[in-house]
Amino acid sequence: MYLLIVFLPLLGSSVAGFFGRFLGSEGSAIMTTTCVSFSSILSFIAFYEVAPGASACYLRIAPWISSEMFDASWGFLFDSPTVVMLIVVTSISSLVHLYSISYMSEDPHSPRFMCYLSIPTFFMPMLVTGDNSLQLFLGWEGVGLASYLLIHFWFTRLQADKAATKAMPVNRVGDFGLAPGISGRFTLFQTVDSSTIFARASAPRNSWISCNMRLNAITLICILLLIGAAGKSAQIGSHTWSPDAMEGPTPVSASIHAATMVTAGVFMIARCSPLFEYPPMALIVITSAGATTSFLAATTGILQNDLKRVIAYSTCSQLGYMIFACGISNYSVSVFHLMNHAFFKALLFLSAGSVIHAMSDEQDMRKMGGLASSFPFTYAMMLMGSLSLIGFPFPTGFYSKDVILELAYTKYTISGNFAFWLGSVSVLFTSYYSFRSLFLTFLVPTNSFGRDILRCHDAPIPMAIPLILLALGSLFVGYLAKDMMIGLGTHFWANSPFVLPKNEILAESEFAAPTITKLIPIPFSTSGASVAYNVNPVADQFQRAFQTSTFCNRLYSFFNKRWFFDQVFNDFLVRSFLRFGYEVSFEALDKGAIEILGPYGISYTFRRLAERISQLQSGFVYHYAFAMLLGSTLFVTFYRMWDSLSSWVDNRSSFIFLVSSFYNNKSSQE
C-alpha cells in the first residue's frame, strides 16, 4: 500500500504520456485522475496508521549504489511529517486533476498536460519519503523538471518560454547550495543515510575563524541547505521565478504553489531539524531570510495588477512565515501552516482560474470589475480563501499564522522580534492586496469587454466540486487539526522534527505572551481590508497624488518594479554572464583555443604541411639526392646530440608554435 502511494501517479503519467494519442483527452484525464485519487485515499489510510497510531513504517526496496563503505539504497520512510506531506500533495493534486478535466477540455494537447501534471505528484512523494540524501535529491530535481515542463506547456507563447527558462537557472542556483550541502554531510558523517546523520549531529565538530566569525562544519552545511531551500521555496534573492511562473495554465500554478514544488524547501528544513538545531547562527540566518521574504513579497503584491501574480506573491509571503517559523525552532508549526496554506492557496488559484477561464483568459484585474453578479459562487470561494489567507479569526489560516507570530514574539531575541514585527506588518499588506483583488475583480464598476460579459459563466460542476472541497478545508482543517498537531503535550510528531529543550517555547507562547500581542494581527488584517475598500473606489485621485509627489512616485515605482530585483539581476549578473559566455567561452575558447589545438587546427596544419612539401617535388634526381643526404645528416646529428638538447627543447611548445605559425600564415593570406 505504501509503495502504491508513490508509484500510482507515475503509472498514470506514463500511460497518459505513451498512450495518450490512443486514449484521447478524456481517457488520459480519467487515467491520471484515477491514479492520483487512489494515491490520495491510500495517503489518508497511511496517515491513520502512522501518525495517530504511532506506527512509523520503513521499507527498504533494493540496493542502489554500493561501494565499500558507501551504501545508498532505495528506501522509503513513512513517519508523521511524511504522511502529512503525502496528504497535502496527493489530495491537492487529485483536486487539481479533477479541476483540469474541465479547464483544459478545449486544449488540443490535453493528454500531454495531464501527463506533465502527474509528474510532480510522483517526484514530491519520492522527495518526502526518501530515507537518504540522494533519494531526496532525486525528488528535488524531479519537481524542478516538472515545473519547467508545466510552466513551458504553452511553448508557443513567448512569455511562457521566458518564464520557464528563468525558473530553471534560478532553481539551479539553489541546487548549487543543496548539492555541496549533501556532499558536506557525507564528508562529515561518512554516510548519506538520514537517520545516521541525525543521530550523530550532536557530536562536537572542529571550528575555524572566517571573516571574524567562528564557523563550524554544521553551520556551513546548514547555510548551504538553506540556499537550496531558498531556491526551491522562493525566498529572497531566488523569489523572482515564482511570479513569472504564472504564465503556465492555472492548474499548474495551483499545483506548484500550493502542494508540490515550493513546499519542498520548507519540508527539507523541517526534515533536517536535528542538524539545524545545533548551530545558532544558521537559525538566525533562516529567521532573517524568512521574515524579510514575507515583508518583501507582501509589499510587492500591493501594486500588482495581474490576478494570478498577486496570489503568487502571497505564496512567497506565506513561505516566508514557514521559513522563519523553522528559524525559531518550531518546525511542527511550520509544517502545520504548510498544510493549512495548501488548502486556501489552491482554493484561491483555482477560483482565479475560474474567472480567467470565463473571461477569455484575461488576467488583468483592471479589465474586470462587477463580476460578483455573474460569478456569485466563485466570489464566495475567493472570499473564503482570502479570509483564511489574511488570518481572519477562525478560518484555517488563523490557527497557524497567529501561532507563528506569537512564537516569534516569545523567542525574546533580536531575530525573533525582527520576525515578529515584519510578520505583523506583512499581515496588513496581505490583507490589503487580498481584498484589493476582490474589489477590483468583483465589486467595482465593470471595465470588461461587452463580449466577455455576455459569454461569462460561473464555474461548471467539474470545476465547482474541487472548489467546494477546498473551501471546506480552508474553513475547518485548521480548527480540527490544531490540538492534534501543535497542541501542548501532543505526541503526534513522535519527536521527528527534533527541537532542543532550550528552544522549546510553545508553552510559553500559549501562557506567557501578552494578550495585546496575540491581538495585534486582527486590527492589522481589518485595517488592510478597510484601506483596500476605501482606496480603490478613488484610485485615480491617489494615483494622481502619487504622480505629483516625487517621493511617493519613487516609492510607487520601487514597489511596482518589485524592489528592482529583476533589473539588478539583469544588469549586474545576467548581462555579465552572457558577455562572458560570448567573449570568453565562445570566441576565446570554442572558436579560439579549442579549434586551433583541436581537430580543425590539426587538420589544417597537416594540410598546409602537405602543400609545402609537395612544392619540393621538382622532378630532378639530384634534388632528391641532396634532400636525402641533408635529412640523413640532420637525423644522425640530432640523434647523437639529443641528450644535450632535450633539456632545452619542449615538444609541446614546439608543436603549438608550429601550429600557430601555419594559422598566422593563413590569416595573412586571407
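1. A residue counts as buried here when its relative accessible area is under 20%, as exposed when the value is over 50%, and as partly exposed in between. Asp79, at 10% relative accessibility, is therefore classed as buried. The model under review is a predicted one, and the remarks below should be read with that in mind.

2. Overall composition. The chain holds 670 residues, of which 52% are buried. Its secondary structure amounts to 28 helices and four strands. The C-alpha trace spans about 110 × 65 × 60 Å along its principal axes.

3. The salt bridge of Asp79. The count of salt bridges comes to eight. One of them joins Asp79 to Arg271, with the closest N and O atoms 2.8 Å apart. Asp79 lies in the loop between strand 2 (70-78) and helix 2 (80-103), and Arg271 belongs to helix 10 (residues 263-271), so the bridge ties together parts that are 192 residues apart in sequence. Arg271 has a relative accessibility of 12% and counts as buried, and Asp79 is likewise assigned to the buried class at 10%.

4. The salt bridge of Glu141 and Arg172. The side chains of Glu141 and Arg172 meet in a salt bridge with an N to O distance of 3.0 Å. This pair links distant parts of the chain, with Glu141 in helix 4 (residues 133-151) and Arg172 in helix 5 (residues 158-189), 31 residues apart. Glu141 is partly exposed, its relative accessible area being 25%. Arg172 is also partly exposed, with a value of 25%.

5. The salt bridge of Asp244 and Lys166. Asp244 and Lys166 meet through their side chains in a salt bridge of 2.6 Å, N to O. Here, too, distant parts of the chain are linked: Asp244 is in helix 8 (residues 241-244) and Lys166 is in helix 5, 78 residues apart.

6. Packing of helices 12 and 13. Two packed helices are described by the angle between their axes and the distance between the axes. Helix 12 (residues 280-301) and helix 13 (residues 307-327) pack at an angle of about 160°, and their axes are 7 Å apart. Angles over 145 degrees count as roughly antiparallel, and helix 12 and helix 13 are therefore described as roughly antiparallel to each other. The crossing of helix 12 past helix 13 is left-handed.

7. Positive phi values. Most residues other than glycine have a negative phi. Tyr412 has a phi near 55°, a positive value in a residue other than glycine. Tyr412 is placed in the loop between helix 16 (398-409) and helix 17, and is partly exposed with a relative accessible area of 48%. Phe564 is not a glycine either, yet its phi is positive, at about 60°. Phe564 sits in the loop between helix 24 (550-560) and helix 25 (565-597). With a relative accessible area of 29%, Phe564 is partly exposed.

8. Where does Ser424 lie? Ser424 is found in helix 17 (residues 414-443). Is Ser424 buried or exposed? Ser424 is buried, with a relative accessible area of 0%. Between Ser424 and Ser238 there are 186 residues of separation in sequence and 23 Å in space, C-alpha to C-alpha.

9. A nonpolar surface patch. Ile461, Ile465, Ile468, Leu469, Leu472, Phe476, Tyr479 and Leu480 make a nonpolar surface patch of about 830 Å². Leu480, one of these residues, has its place in helix 19 (residues 461-486). The relative accessible area of Leu480 is 63%, which means that this leucine is exposed.

Conventions
Residues are numbered from 1 along each chain as its sequence is written. This is a predicted model: local features need pLDDT of at least 70, side-chain atom pairs count only at pLDDT 80 or more; totals for chains, interfaces and linings use all residues. Side-chain values use heavy atoms; hydrogens and water are left out. Patches are made of residues with over 30% relative accessible area and no salt bridge: like charges are joined within 9 Å, nonpolar side chains (Val, Leu, Ile, Met, Phe, Trp, Tyr) within 5 Å. Accessible areas come from the Shrake-Rupley method with a 1.4 Å probe; for residues, only the protein chains shown count as cover. A salt bridge is a side-chain nitrogen of Lys or Arg within 4 Å of a carboxyl oxygen of Asp or Glu. Helices (H or I, at least four residues) and strands (E, at least two) are DSSP runs, numbered from the N terminus. Buried means under 20% relative accessible area, exposed over 50%, partly exposed in between (1.4 Å probe, protein chains only). Axes are lines fitted to C-alpha atoms, for helices over the stretch in contact, and angles run from 0 to 180 degrees between N-to-C directions. Angles under 35 degrees count as roughly parallel, over 145 as roughly antiparallel, 65 to 115 as roughly perpendicular and the rest as oblique. A crossing is left-handed if the near helix is turned anticlockwise from the far one by less than a right angle, and right-handed if clockwise.
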